[in-house]
Amino acid sequence: MSSSGNQSCLKGAEDIVSFLVCVFHEWEEWAGLGQLEDYLSVLEYLLWVFTPLVIVFILPFLIVILLYLSILFLHVYKRKNQLREAYCNNLWDGARKTLATLWDGHGAIWHGYEIHGMEKIPDKGAALIVYYHGAIPIDYYYFLANVIIQKGRPCHSVADHLLFKIPGFKLLLEVFSVIHGPQEECVRALRNGHLLGISPGGVREALFSDETYPLLWGKRRGFAQVAIDSQVPIIPMFTQNVREGFRSLGTLRFFRWLYERFRLPIAPVYGGFPVKFRTFLGDPIPFDPNLNAAELAEKVQQGVQSLIDQHQQIPGNILRALLERFHSKHKDH
């Protein structure tokens, strides 16, 4: 603070209070606090603008955290039951049911999750469930939880090989009977009387489908051949608003190029919006020895597309899906 400022305050001040106020303003100007206030205002504005964006990109990571918490629970459960492991063939039944209850609770609280057509899932015997793949297939996790709780049986699942490379996921995948997906292994699971879930669109559909819900199956027919070899029915499945819960930036050319060129599925996913989720199970498509794999795959694709056409407004809308949480009764679209 300059001496001239002190002198002007001394000359203009009528009392000690006026003098102190004058000195404070002179010091504020000398220290540049006025500019600091402007900077803080800009920072506050930027925080207000970008906080929602940060939140929608963080929420998907919370799902990953929940998966790791599930894995941690399994490790704890395994240690706690070491003495029982040698005598009990169903060591993981309690763990599966506990985690199923937790995931079912998460679905009910966050998404008001409903499942329609559960009676089409057999209590015993094999069936192949074919579903549309969301950006994050959290609806499928809820479905698996409901199968365990309501049917008292697990459902095996086919997952992309990348999932098996994620550190720490091995135990979770083993306990919930997740397989990489060679046709022979899928046929073996079905012939042993298990349920099996598969999404023909896989990673491609997860990353590059959008709010118009296109099925990106290409010419994939392996799932149909598995059903033919196993002689089991196929049950189509679709979850309403799954693309409004989580969305992918895979529609941007750069991320599509990365995947097509290097097979890197790194398109960012954002969301975690508490939209209404309803899973619909279509009528089972029975085994028909007169159909080949191409014909059966086409028939199944039509079945899943029919569920989308019947139950999903196109294009999907996040706000509308949020508002549906307030409707207690289901309305067909």
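**View 1. The largest nonpolar core of this predicted model has 50 residues.** Within this core, the residues with the most contacts are Leu74, Trp92, Ile121, Ile129, Ile138, Phe143 and Leu281. A nonpolar core here is a set of buried Ala, Val, Leu, Ile, Met, Phe, Trp, Tyr and Cys residues joined through side-chain atoms within 4.5 Å, where buried means under 20% relative accessible area, exposed over 50% and partly exposed in between, with a 1.4 Å probe and protein chains only. At least two residues of the core are supplied by each of α3 (33-80), α5 (93-111), β2 (127-131), α6 (138-151), α7 (170-175), β6 (234-240), β8 (269-271) and α14 (318-323), and the largest share, eight residues, comes from α6. Helices (H or I, at least four residues) and strands (E, at least two) are DSSP runs, numbered from the N terminus. Leaving aside neighbours within four places in sequence, Ile138 is in contact (heavy atoms within 4.5 Å) with Ile63, Trp103, His106, Phe246 and Phe277. Another core, of 32 residues, lies apart from the largest one and includes Tyr132, Leu215, Val242 and Val304.

**View 2. Seven strands form an open sheet of mixed pairing, in the order β1-β9-β6-β2-β5-β3-β4.** Two strands are taken to pair if DSSP finds at least two bridges between them. Because β1 (114-116) and β4 (178-179) stand at the edges with a single partner strand each, one side of each is left without a neighbour in the sheet. Strand β3 (residues 155-158) runs parallel to β5, to which three bridges join it, and Cys155 stands opposite Leu195 in β5. Helix α6 lies across β1, β2, β3, β5, β6 and β9 (278-281), running at about 160° to β3; such angles run from 0 to 180 degrees between N-to-C directions, with axes fitted as lines to C-alpha atoms, for helices over the stretch in contact.

**View 3. Strand β2 is mostly covered, five of its five residues being buried.**

**View 4. Helix α10 (residues 222-230) crosses helix α13 (residues 293-311) at roughly 110°, their axes coming within 8 Å.** This makes α10 roughly perpendicular to α13, a class that covers 65 to 115 degrees, whereas angles under 35 degrees count as roughly parallel, over 145 as roughly antiparallel and the rest as oblique. Phe223, Ala224, Gln225, Ala227 and Ile228 in α10 meet Ala293, Leu296, Ala297 and Val300 in α13. The residues of this contact divide into eight nonpolar, one polar and no charged, with Ala, Val, Leu, Ile, Met, Phe, Trp, Tyr, Cys and Pro counted as nonpolar, Asp, Glu, Lys and Arg as charged, and the others, Gly among them, as polar.

**Notes to all views.** Residues are numbered from 1 along each chain as its sequence is written, and side-chain values use heavy atoms, with hydrogens and water left out. As the model is predicted, local features need pLDDT of at least 70 and side-chain atom pairs count only at pLDDT 80 or more, while totals for chains, interfaces and linings use all residues.
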